[in-house]
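Here is a short walk through a structure with more than one part to look at. Keep the view open and follow along.

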Amino acid sequence: MKRHPFSPRRFWAMVVKEFIQMRRDRVTFGMMIGIPLLQLILFGFAINSDPKHLPTAVLSADQGIFSRSLLFALKNSDYFRFVSEVNSEAEAQKLLDGGEVQFVVNIPENFSRKLMRGERPTVLLEADATDPVATGNAISAITTLISSAMDRDLKGNLQRLKATPGPVDLRLHRKYNPEGITRFNIVPGLMGVVLTMTMVMITALAVTRERERGTMENLLATPARPFEVMLGKIVPYILVGYIQITLILLAAKLLFQVPIVGNPVLLYAVALVFITANLSVGITFSTLGQNQLQAVQMAFFFFLPSLLLSGFMFPFRGMPDWAQAIGSVLPLTHFLRIVRGILLKGNGLIDILPHLWPLAAFMAVALTIGVKRYRQTLD
Amino acid sequence: MRFAAVESTDPEFIIDVEGVTKRFGDRTVVNQISMQVRRGEIYGFLGPNGSGKTTFIRMLCGLLTPDAGQGRVLNYNILTESAEIKKHVGYMTQRFSYYEDLSIAENLDFVARMYGVPNRREAVDKSLERLGLTERRRQLAGQLSGGWKQRLALAACLIHEPKLLLLDEPTAGVDPKARRDFWEEIHSLAARGLTVLITTHYMDEAERCHRLAYIAYGSLLTHGAVADVVRAAGLTTWAVTGDNLYPLAEKLRGLPGIDEVVAFGNTLHISGRNAAQLQASITPFMGGAYRWEPIASGLEDVFISLMETAKDNFA
Ligand SMILES: Nc1ncnc2c1ncn2[C@@H]1O[C@H](COP(=O)(O)OP(=O)(O)O)[C@@H](O)[C@H]1O
Ligand SMILES: [Mg+2]
């Protein structure tokens, strides 16, 4: 059998055709613009939950009994899980930026001694408050935790320290989203949700529509190769994805006053991987379904876990392990971290790399399955 | 060994396949069909609905994989070289399969790009002009009537100058004038060396083919030039003319030697393969108000008789 390499010409023929069809199908095009706007309005509310075992780093300069019992109390509360001990402020900062920890507990030098002297030493709790729902309960629990822990140790003449305003001065430092405003978290997240929903759906219909309308027979009778057809169907919708991103960014900035700290150009670049991953999933569904209805059902089958297990609806760290495992495979999970990282934390390329490669890997797998599944005959 | 036969085929045959078989589940839809079509020939492919014509054509151009059989189309192996075959075949599907939400010109342009037609714009313009579609170029294909859709489909499958045309019921639902124009076009293309395989249900169209084949229930029942097919059927046909033929037809049906009784206006055609038996059966009815005369059997008489026999054998 002769080799038939990829033909840019035939690929372009597909792109042009899809563009014309997209332009003619006003209803679908309107939906693709309307859905993001509708969702932005609908998701004005937050969904609450009580995540525990949040990864926490400890930066302690004190070895005294009081600092130890304080850390022990935090650990016992189930809200905090100590994952690392760091030695410098810079190190702690890096962990927070990378999203590896949710909290840093910072205990200053001579904490125990100052406490015994009644000087009310400061304990600093730095929180990644990007997602206020994730940190909210842990933060509200910590004040009580500290005083009850201290109570046990303050005996004899130290008892007097129990009086108000308490033995320790707890300072809370909410980073990235200092006011803990939920919509700062929701709006960038919505970008990923909208893209997942529309991109998967639109391409899920792409191949089944050709089959249902009978145009597939003609397409197969031409010398077109599967990869040319797939790519030709993907490229026009990448543009649609970018229109959606722009709409949401504008709404975030103008309507919801979300502070945009990072570089939007980086976001646009990374979004290409995410959009292509979702389009490839759609194409794969399109080759599996017999008709457009089945394709849409499969798109929903993909969309629901994405919505629920990615950390959009519920804080990722609040989910059981199995749910986190599923969530880690989904592209939306990683894209949410990237979007929030870039927009709210000002992450650069290096910071988001750990979330970028799973996205790219997912895209490669989905595209391969799609091309393999696309059959060149009507059998 | 299996391929030896294929290698030795005469390149004069544009289609040269043997034993082509297709099964869907445990139903054999195309059963051991062999076919040879020469360059420049218009080859008619006839058979009742569901007899496997479309399935057979799809196997010729690589849209379906045969379960058995082998052969060559345009001297390319149908099993391994369908990508090459596709480049040189123009396939007009039974159901209109161009994009209804694209205009005529956009559809042609898409097809031209797909086949890498040189001087694309020119080719599209020329093809629009030749088929008289120039004024309608911006009209959406979905808004066209049957006849215009058929013209568009023909223009589209000719744009890459194929060497073989596979036309699947191209004239179904098209008015007589448009059908005649269509056949003029087909004949002029064939005169220039294009080979055409065409399926149809119209007898007048069948008679315009150089040669034809008839299939029923997936099996090839007869093939050859029109006259040969009629002769090979060995059919005797009588025509009865007169008023009120219906009661007569009822009485004749089922008598020994009478295979079919078909009404054509004020005439009945009575055919059978056993001339003596037929004669014996009709003799008692001769005379009276009816006028009896033996006539040459037509293609339709032959096909109906073939189908009746096939029903007894296969169904
Ligand atoms: N993809 C398929 N799956 C199952 N059965 C099929 C398929 N395509 C065609 N058939 C069946 O095969 C038979 C022959 O169909 P077809 O080739 O379209 O006949 P024709 O074109 O002569 O009318 C029909 O009974 C049809 O229902
Ligand atoms: Mg058919």
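Contact here means heavy atoms within 4.5 Å. Leaving aside neighbours within four places in sequence, Arg340(A) is in contact with Thr130(A), Asn185(A), Gly189(A), Gly311(A), Phe312(A) and Lys345(A). Arg340(A) sits in helix α13 of chain A, residues 331–345. Helices (H or I, at least four residues) and strands (E, at least two) are DSSP runs, numbered from the N terminus. Arg340(A) counts as buried, at 10% relative accessibility. Buried means under 20% relative accessible area, exposed over 50%, and partly exposed in between (1.4 Å probe, protein chains only).

A word on the basis. This is a predicted model, in which local features need pLDDT of at least 70 and side-chain atom pairs count only at pLDDT 80 or more, while totals for chains, interfaces and linings use all residues. Residues are numbered from 1 along each chain as its sequence is written, chains are lettered from A and ligands numbered from 1 in the order in which they are written, and side-chain values use heavy atoms, with hydrogens and water left out.

Now turn to chain B. Its domain assignment gives domain 1 (13–229) and domain 2 (236–296). Such bounds come from an automatic or database domain assignment. The C-alpha centres of the two domains of chain B lie 39 Å apart.

Look next at Ile295(B). This residue lies in strand β14 of chain B, residues 291–295. Ile295(B) is partly exposed, with a relative accessible area of 29%. Not counting residues up to four places away in sequence, Ile295(B) touches Thr237(B), Trp238(B), Ala239(B) and His269(B). Of these, His269(B) is 26 residues away in sequence, and 8.9 Å away in space, C-alpha to C-alpha.

Finally, see where the chains meet. Chain B gives 29 residues to the contact and chain A gives 31. The area buried between them is about 2,800 Å², with carbon and sulfur atoms giving 56%. Buried area is the accessible area (1.4 Å probe) that two parts lose on being put together, summed over both.

What ties the chains together by charge? The rule finds 3 salt bridges across the interface of chain B and chain A. A salt bridge is a side-chain nitrogen of Lys or Arg within 4 Å of a carboxyl oxygen of Asp or Glu. Glu217(A) forms one with Arg58(B), where the closest N and O atoms are 2.8 Å apart.
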